[in-house]
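Here are my notes on this model, point by point. Please keep the structure open while you read.

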Amino acid sequence: MKQEIAILRSAIIAGICISIGCVVNLRVGGVAGAVLFAFGLLAVVHYKLKLYTGTAGFIRAKGDWSMLGAVLIGNIVGCALTALACTYAQPDILPPDLAIVQSRLAKGPLACFLLAIGCGFIMTTAVQFGREGKFLPLLFGVPVFILCGFAHSVADAFYFLAVPELYSIDLLIVYIAEVLGNFAGCNLYRWVIAKQDHI
């Protein structure tokens, strides 16, 4: 039980870290905002926090599946808390946030699933480098996925939760598609490249 609570706490803080990246990206925008967003992932890796896109590509044991679910829930809780605080204290982030959410809805679940695959691959690659003490790929990986328009399910949890007026079944379906797409992208290396190494 203590381990589960520790995982949940770590995941909540990770969600807050990513949300901070979302806020600076909304306020600054462009290349600068995308680069500054990287602070969130750098903090997650440095403190060894539990992030869905930093965990999904390293699933090994059967018990990891329930842990991965707990990580995602914790991440969403962290995003919800930050969204609640920041939209109240800094309502100027709402117009660009609204534009992101409307864009995701316009694309639909299939497109968001495909965009999430790209993000998942980049994040697992960057985190793998980070685990080896190489942090430069983290700094590059985040702006790359943002400027490509790829979908990060934890970042989008913040963006989506910040605009309750757009809550809908359609938005939930888009979000689920992103979660699944991130998982697929996070495991591309293991499913494709790693298997080729054994041929």
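1. **Ground rules.** Helices (H or I, at least four residues) and strands (E, at least two) are DSSP runs, numbered from the N terminus. The model is predicted, so local features need pLDDT of at least 70 and side-chain atom pairs count only at pLDDT 80 or more, while totals for chains, interfaces and linings use all residues. Residues are numbered from 1 along each chain as its sequence is written, and side-chain values use heavy atoms, with hydrogens and water left out.

2. Start with Phe-140, which is found in helix H6. Phe-140 is exposed, at 53% relative accessible area. Here buried means under 20% relative accessible area, exposed means over 50%, and partly exposed lies in between (1.4 Å probe, protein chains only). Helix H2 (30–46) and helix H6 (136–148) each supply at least two residues of the patch. The largest share, five residues, comes from H6.

3. **The core.** In soluble globular proteins, nonpolar side chains tend to be buried together. A nonpolar core is a set of buried Ala, Val, Leu, Ile, Met, Phe, Trp, Tyr and Cys residues joined through side-chain atoms within 4.5 Å. Which residues touch the most other members of the largest core? They are Leu-41, Tyr-52, Phe-158 and Tyr-159, out of 55 residues. The elements giving two or more residues to this core are helix H1 (2–28), H2, helix H4 (64–89), helix H5 (94–131), H6, helix H7 (153–161) and H8. The largest share, eight residues, comes from H1. Now look at Leu-41. Apart from neighbours within four places in sequence, Leu-41 is in contact (heavy atoms within 4.5 Å) with Ile-18, Leu-51, Met-123, Val-127, Leu-138 and Val-142.

4. **A covered helix.** H7 is mostly covered, with eight of its nine residues buried. Among them are Ser-153, Asp-156, Phe-158 and Tyr-159. The cover over these buried residues includes H1, H2, helix H3 (52–55), H4, H5 and H8.

5. **Salt bridges.** Side chains of opposite charge can pair when their charged atoms come close. A salt bridge is a side-chain nitrogen of Lys or Arg within 4 Å of a carboxyl oxygen of Asp or Glu. The structure holds four of them. In one, Asp-156 pairs with Arg-104, and the closest N and O atoms are 2.6 Å apart. Asp-156 lies in helix H7 and Arg-104 in helix H5, so this pair ties together parts 52 residues apart in sequence. Glu-178 also forms a salt bridge with Arg-104, at 3.3 Å between the closest N and O atoms. Glu-178 lies in helix H8, so its pair with Arg-104 ties together parts 74 residues apart in sequence.

6. **Buried or exposed?** Asp-156 and Arg-104 are both buried. Arg-104 has a relative accessible area of 9%, and Glu-178 is buried at 0%. Now compare another salt bridge, where the side chains of Glu-132 and Lys-134 meet at 3.7 Å, N to O. Glu-132 is partly exposed at 46%, and Lys-134 is partly exposed at 44%.

7. **A buried loop residue.** Asn-187 lies in the loop between helix H8 (169–186) and helix H9 (188–197). Asn-187 counts as buried, at 0% relative accessibility. What does its side chain reach at 3.1 Å? The backbone oxygen of Ala-56. Beyond neighbours within four places in sequence, Asn-187 is in contact with Ala-56 and Gly-57.

8. Lys-48 sits in the loop between H2 and H3. Its phi is near 55°, a positive value in a residue other than glycine. Lys-48 is exposed, with a relative accessible area of 72%.

Note on methods: Polar contact = N/O pair within 3.5 Å; in protein donor to acceptor, adjacent residues only side chain to side chain.
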